Amino acid sequence: MKTFPDLKNIFGVLLLALGLLTASAQTNAPVSLAQISGAMGRAQTVFTRFVQERHLSLFTEPLRSEGFLCFEKPGRIRWETTAPYKSILVSDGSGVAQFEWTDEKWQKLDLGLGDALQNVVSQIAGVMDGRYAGDSRNYTATVTNCTDELVITLIPKNETMRKMMAAIEVHLTADLKGTRRVVLRENGGDYTDIQFSEQFVNLELPLKTFDRSTPVDIEKIRAAAANAKP
Amino acid sequence: MPNLDPMSFKTAKHLLFVALIAAFATGCATPKHYTPLDVLPNDGTDRAAFSRAKQRMENLFPAEYRATQRAIVTAGGKQFTCDGLLKVSPAEGHHLAIVSTFGVVTDLRVKADGGCELLKVTPLLREDWSRRFVARDLRWLFVAPAHLRPAGHFADGKLNLLTAEDSAGVTAQYVFSPDGTRWQELDLWQDGKTFYRVVPKHFRKFAGTPAEVPDEFDVSAEAYRLELRIAELTVPNTEVSP
């Protein structure tokens with residue numbers, strides 16, 4: 001289940017985590033938020049495939065979707081769902097647009113709450129500045145070293161926020177070179193599990209990747225990634 | 001630093017709530033009505049076609065399935081998207097959760113007896129709106145109508161079938177192709193006026209469905225327009241579709 005804070009945290013934490021891809025650390029020692037902040041600053045762009053599952057407490061099977069996430073400094077975001085439907089939420093840093101694939105073509109929506117969505121996306125983009133990770137005021141962070149992975153658990157300090165979001169887990173490979181998944185746990189048993197693969201950092205993204213009028217086709221971005229090294 | 005303080009979440013939810021209030025209030029203030037379709041009385045011919053239409057409607061969707069939906073809601077001139085997760089079984093009825101970018105909008109069940117059970121109320125949609133709008137969409141799009149009877153032909157040969165008037169005075173008019181094989185429209189009437197129109201589109205088979213089902217509905221109602229797609233439909237013990 002994705003809530004408004006979820007949305008920020010989904011993007012924010014996963015970008016935070018993906019920023020670790022640029023870190024050269026070869027250790028499985030606990031990682032502080034300050035270290036994460038430093039690592040994040042090195043990522044100019046991020047491109048990754050995702051599979052998202054929203055586990056709703058009243059359903060036995062999750063609501064599943066998959067697609068691609070693109071990020072480019074200083075605040076460009078593209079969250080594209082490719083299955084089971086096609087949808088693009090994109091921000092060029094100054095505004096946000098949404099497209100839905102209907103009747104074999106992209107339909108640009110006359111978006112309600114555009115300002116609120118832009119606010120969300122702007123804050124997500126701000127994560128790449130590293131200030132989010134460097135902030136210990138809002139979260140208590142713990143790091144757990146498992147056999148083959150490292151799990152960072154963020155617990156909101158604010159009680160009101162904690163009522164909505166119990167914890168955020170970031171699962172990293174033990175060498176910190178990859179992010180496996182981000183889990184957002186809510187009170188009441190609902191949670192969102194996002195798994196990542198095919199991650200590229202500092203990939204040169206095609207023009208119009210973040211265009212709010214006619215964003216470039218995802219296949220062109222994938223082709224650019226195919227020619228690069230993960 | 002990114003503003004992750006709880007107040008911003010509250011503000012956003014408040015914004016959505018206000019937007020929906022404005023949208024629905026605007027829509028309710030200017031109710032939409034549609035020109036009723038002229039019907040020729042049923043003269044007893046085409047019994048086979050009427051029988052096919054009735055049977056088709058009663059068995060449109062499998063008795064048990066799970067569907068992922070994608071919806072675009074237009075209200076007050078603005079558009080919002082949300083996902084739906086629908087689980088249907090004879091024992092549990094029609095269980096639907098709607099999830100938006102801002103969180104779970106509602107979670108409800110239309111039981112086999114037609115009653116609505118609201119399972120989760122959230123700040124994003126008022127309880128009475130869940131019952132009034134969401135349950136209505138779920139009921140008329142996915143639940144087989146009871147006591148459908150032949151009512152006549154349209155001038156172009158299409159079939160007209162009606163339900164009995166319910167306790168709220170609402171009658172449903174189904175329009176079928178002349179041979180009774182294809183559902184083409186649904187109108188809801190009240191006080192002689194049509195206030196809700198559904199056009200099913202893009203009929204196709206999903207794995208496990210014995211016949212083609214609409215994978216999209218275009219709904220025009222008093223306060224909103226709903227474009228609903230079935231992105232995925234899975235029948236137990238069959239392969240995942242599409």
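In chain A, eleven strands build an open sheet in the order S6-S5-S4-S3-S2-S1-S11-S10-S9-S8-S7, with antiparallel pairing. Strands here are DSSP runs of E with at least two residues, helices are DSSP runs of H or I with at least four, and both are numbered from the N terminus. Two strands count as paired if DSSP finds at least two bridges between them. The edges of the sheet are strand S6 (105-108) and strand S7 (139-145) of chain A; each has a single partner strand, so one side of each lacks a neighbour in the sheet. On average, neighbouring strands of this sheet are turned by 20° against each other, direction ignored. That angle is taken between axes, which are lines fitted to C-alpha atoms (for helices over the stretch in contact); angles run from 0 to 180 degrees between N-to-C directions.

The model is predicted: local features need pLDDT of at least 70, side-chain atom pairs count only at pLDDT 80 or more, and totals for chains, interfaces and linings use all residues. Residues are numbered from 1 along each chain as its sequence is written, while chains are lettered from A and ligands numbered from 1 in the order in which they are written.

Stay with chain A for one pairing. Strand S1 (residues 45-55) and strand S11 (residues 191-201) of chain A run antiparallel, joined by nine bridges. Arg54(A) has Thr192(A) in S11(A) as its bridge partner.

Now chain B. It holds three helices and 13 strands. Of its 242 residues, 40% count as buried. Buried means 20 or more other C-beta atoms within 10 Å of the residue's own; exposed means 12 or fewer, and partly exposed lies in between, with C-beta atoms placed from the backbone. Contacts are pairs of residues whose C-beta atoms, placed from the backbone, lie within 7 Å. Of the chain B contacts with a separation of 6 or more, 48% join residues 24 or more positions apart.

Which residues of H2(B) are buried? Phe50(B), Ala53(B) and Lys54(B) are. They cover an arc of only 95° around the axis, so they lie on the same side of H2(B). The arc is that of the directions from the helix axis to the C-beta atoms. Ala48(B), Ser51(B) and Gln55(B), on the other side of H2(B), are exposed. The cover over the buried residues includes strand S7 (149-154), strand S8 (159-162) and strand S9 (170-176) of chain B.

Helix H3 (residues 127-142) of chain B has 16 residues. It reaches 21 Å from first C-alpha to last, close to the 22 Å expected at 1.5 Å a residue. The expected span is 1.5 Å times one less than the number of residues. H3(B) bends by about 30° at Ala135(B); the bend is the angle between axes fitted to the seven residues ending there and the seven starting there. Ala135(B) is itself buried, as are Phe133(B) and Leu138(B), among others in H3(B).

Strand S13 (residues 225-234) of chain B is largely enclosed by the rest of the structure, because eight of its ten residues are buried. Nine bridges link S13(B) to strand S2 (residues 65-75) of chain B, in the antiparallel sense. Here Arg66(B) has Thr234(B) as its bridge partner. S13(B) also pairs antiparallel with strand S12 (residues 213-220) of chain B, over five bridges. Four residues separate S12(B) and S13(B), which form a hairpin. Phe217(B) stands opposite Leu228(B) in S13(B).

Definitions and conventions:
Two residues are in contact if their C-beta atoms, placed from the backbone, lie within 7 Å.
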